[in-house]
Every structure is written in C-alpha cells, then in structure tokens.
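Please examine the sequence and the structure shown below.

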Amino acid sequence: MTDVTDTENGDRPNDRPKRSRKIDEERRRFLRSIAVGGAVTCVALAGLLQHRLAHAEPRLRPPGSLDEEAFLAACIKCGQCVQVCPIEAIRLGDLDEGLGNGVPYIVARDQACDFSCDATQCILACPTGALSHEIDKKEQVKMGVAKLVEPSACLARQGKGWKGTARGAAFPGVLRYPEVDRWNAQPVAERPYDLALCDLCVRHCPIEGAIALAPLPEDPGSARRTPVVAASCVGCGVCEMMCPSTPVAIRIEVMTTGRQPEGRHA
Amino acid sequence: MRPGFVGRTIDGLGLLFGREPVKPTPEEMTEEARAMHAFKKTPEERKRRKTGIFAEFDDPKHSQKWRIRRWLSIFVVNGIFVASYWTDLQLVEGALTASRVLGFHFADLNSSLQLMLAHKHVVLNLLIGITTVLLIYLAFGGRSFCSWVCPYHPLSEIAEMAHRKLVEKRWVKDHPLDRRLRTVMFGVFALLAFVSGFTLFETISPVGILSRFFTYGTAFALIWIGVLLAIEVFWSRRMWCRYLCPIGLTYGMVGTVTPVRVVHDVTHCFHEGKCRDVCLVPHVLDMTKLGYSSEVRTPIGPDCTRCGMCLDVCPTGALRFDIKGITRAETPAE
C-alpha cells in the first residue's frame, strides 16, 4: 500500500503522457456505452430473474394456452384475445408481472370464462398459436382444476341453501344462462336465487359432469352435500366466480404444465 | 459514402450497424460531383452561400410541415387501435406488436423475430403477418416505422426539445454513446431470446408498452418509459432510438433497398449543417458537409427514419423526399 510498491499504477494523471482530449472522450464514450448496454440488459434480465425466483401464484391463462413457459415465449403480447372475448374475462399483465408484461390472464373470481362465445374465440384470434389451435371444443381445454380450498366455507357442506344474488348487487361479472339467452351473458347481479341447498358451482358449470354434489362420507344420512370435481374439469373458474360464500370455498388450481391435449407438446 | 448503388448500399449498411462516416476521396467521387465541389469553392459561390446562411440565421423560424404530418400519422395509426377497440369497430385489433387490420394479419418484425428465437416454432398466421408488414416497409422505407408509427418517437422528440433547451442553458450536457451499441444490443436480445426461451426484449419494449397502454390501460409499465425519457432529457439525447432500440435496426435493415427515401442535392446545399443539427441520425447526412458528397444527388441511407425534420429546416430544398422512379413535381422552396 505504500507509494514505493505502487509502480504499476501508470494511470495516475501525473505519470502518464498527456492524452489528447479526443481520445479521452472516445474512451469515456466507450465505457458509457458498455455501462448503458449492461444496464439495459440487466433490466431485461430482471424479468427472467423474477420469473425464476419469485414464487408468485401462477396466473390462470386463457383457454388453449400452451404450458406456461412456452406460452410466455409464444405470446406476442398483442391482446387480440382480450378484444374478442365477449364477456371481457381476459386481462393483460403489466410490468409488475415481469415476463408476464402484456400476457393475458383471467381472474376467475371476478369474471370467469364461461365459454359464452361457444368456445374459443380467443384461440381463433391468437396470431402466434400461444393459444393452441389444436383445441376447438371447450371440453378439450385444460386451464386448471377446481378444488375445494375452504371446505368449512362451503354452504352445501353445512346443509345450507342460498337466497339472493350469488355475489351481491354490486358484482359486475356476467354469466351465460342458457335458459335466459343462449348467446348473451347476463349480469350475475340481476339473477337472484332461492335454493334449499346451495348448488351454484354445479348448476352453472359449463362442462357436463365436471362437478357434482355428493353425500358426505362421514355424514351420509343428512342433507349435507359436498362438491366433487371430476377429471373432466377444464378449470374455467365459473364455480369460483359463482360461489356465494366468503371466503370462496372452491377455487381453480392453475396448471402450468399439461394444458395441451395428449400427444401434443408445446 | 461512395457513389453508385453498390457502394452506397454497402456504406449505408455500415452506418446502420454503427460505423462512422468516412469522407470520400476525390477519386471516389463522380466527375460531376468533383466539378460541383470546385464550383462551390469559387468566391462568387461562397459569397452567395454566406448571404443565404446569414439570412437563414437571422430568421430562425422554419417550416413544421413534416413534423405535423408525421405526428398526425402517429396519432391516427395509434388512435385507430384505441378507437377500434373502444367502439368495437374491429378495424384494427391488437397492438403494434401484432394486429389484425380488417381481418388481415400484421405482425411487428422485431417482436416476431424475438418470438421465433424464443419459441423456436412458427405458425402460418404469424408468417402471413410478418410477410405483410415486411412488404409494407419494403415499399415505404424501413425505418419510416420509427418516425411515422412508433408511439415512443414523439415522446422522445418532446424530451429532445427539453434536452436541447437545458443544453442551451448549460444545465445539462449531452452524453453521446457509441453507435455500435445498438448492433450489440440487437445481438444481445436475440441471443437472450434464443438461450432463455423467453422474449425478454418484449418485456421492456417501449413500442409494446405504449401501444398496450393506449388500448388496454396497462399503466404500470409507463415507469420504464418515464425512466427512458428522463435519461434522454437530462443525460443523453435520444438515447433509446439512437443507441439501443433493436426495432430500429430491424426496420433499418428492411429499408436498405426501398423506393422511399430522402435525397440530397448538393447543387442547392448551403452546407451550414442545420439538417445535421436536428437529425436523429446525423451520420446519414455526412454528405451535406462541404466537399463530402460523392454524387450530385445522393439518396440517404437505411438508418434514416424518413422523419422529414431535415426537410423542414433546409432553407434551399436541397433535401427532398424522393420515390424512386417518380420525380417530385414540386420545385424547391427558395
């Protein structure tokens, strides 16, 4: 550390021959460029780092989406799926989602996909195949699986019915009620119920046989029932949206892989 | 820049990828150009130019014709996306990254490139979209995307005005970067997409961010736009467009051979450099320096964004838009 050993420090201003200002400026410009290029690369990489490290709950993606990693790569972030969805179930991610910036997702509790469009307008709109054209029927979709996450909150399990609208008068969501209108979804807030036993998750499931109410194994003789989800569940989230209890008893467990039909890979 | 199609194209590509312009030797110039340069050095010519330049600087007001047209174009193109969504017109669906225009697929070339490198798979609809957009920009001049469509461009232009005001007051200083950086970043983003399997550039692309914000209201990402603009106001003039944006380089490559370009006519030129002063990519205007043009009429190279800013400030009409094969009927504004 003493000045005697400090011989290789030829960069000390007093030691080196005077460089011209031009060369000095050129060197500074070069270093600045490397710094800026490095910084921008780091910003771009931050999205990847966040994706790899942050264990955020995965988003529910629109019907037909490829497995999560392939989906993030194949999506061109244009939002055409958002535009064609007649019930406006699809939203676009923002920069806080990192790599998911501009990538579509669905918040089932607020507005689930009920296949109002008779399946997969979003898939037809997708220009890159991120929503796979292999799927043309709602039964082939695999976004996730419904799961009874709060059994104690389930009204049917308590043997209770439901009176009134499913989610209150202020709920903005819509749902297709085939008995009212085959094509146009109706506001959920305008449809009151009077049920002896709550079966809203089963009643409105758009996939036949995906969910049913069954007697409780531990209390088979009573009126209490529990929702049982079958393998044919596509994870559209209508049950999650329509569940009247708070906290919500049934939710979609998002699938990040295995979303495509057998024999096809992302 | 050397004369002739081949020399000009090669030199133009060099400039696009970040080489500094080189003054042509007298041997490289055409005979007409040499004669013109000699003529320009005669005392009468010098005097005439001097008078002209003094008149020009006495009255610094200049035309805004091309800026108005350009901003209108950006407003209309981006506005159609928004209007068509909110009124459910379905004229143009999507965002600038990919869209459907009256049912026809359009796909941004750089977004598509990133996607193909990351996903390593391409569907027909995307190929159709790429081809359509490629043909449009082959016809209308490559980087004309930058100044006639890109929504970041006008924001950056306003930031540039602020930056120049601050520089004038000596509150800030411009920090130019090495122009080869853009080529490096193009490679970096392409490599990142290929290796990581994600379109990392799309996450921070100002074009995508702004286009989606207008239509879908995804406002959080505007933070990134704010950061870029702040840097451009206080630190480095038009940093993103000049030194970083791979979209600009992509469209620049497309515009290597295109009929729509700005042409410099040395006959009328005062060589006072106002055009280089306002230009986003002043290296393409190197031939406007006295004795630097190798031809009498030189088409400007592929890095030019066809913004027309130089046409607006040029007092003699030495710089004009030209569509190859079609001569403009308009006479130079004196």
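Helix α8(B) passes α12(B) in a right-handed crossing, a crossing being right-handed if the near helix is turned clockwise from the far one by less than a right angle, and left-handed if anticlockwise. This is a predicted model, in which local features need pLDDT of at least 70, side-chain atom pairs count only at pLDDT 80 or more, and totals for chains, interfaces and linings use all residues. Residues are numbered from 1 along each chain as its sequence is written, while chains are lettered from A and ligands numbered from 1 in the order in which they are written.

The axes of α8 (residues 152-168) and α12 (residues 222-234) of chain B come within 7 Å and cross at roughly 30°. Helices (H or I, at least four residues) and strands (E, at least two) are DSSP runs, numbered from the N terminus; axes are lines fitted to C-alpha atoms, for helices over the stretch in contact, and angles run from 0 to 180 degrees between N-to-C directions. The crossing angle therefore makes α8(B) roughly parallel to α12(B), a term for angles under 35 degrees.

Chain B also holds an open sheet of three strands, in the order β5-β4-β6 with antiparallel pairing; two strands pair if DSSP finds at least two bridges between them. The edge strands, β5 (297-299) and β6 (319-323) of chain B, each pair on one side only. Three bridges join β4 (residues 260-265) of chain B to β5(B), and H264(B) stands opposite T298(B) in β5(B).

Finally, 47 residues of chain B are in contact (C-beta atoms, placed from the backbone, within 7 Å) with 36 residues of chain A. Helix α9 (residues 180-196) of chain B gives the most to this side of chain B, with six residues.

Conventions:
Contact = placed C-beta atoms within 7 Å. Parallel < 35°, antiparallel > 145°, perpendicular 65-115°, else oblique.
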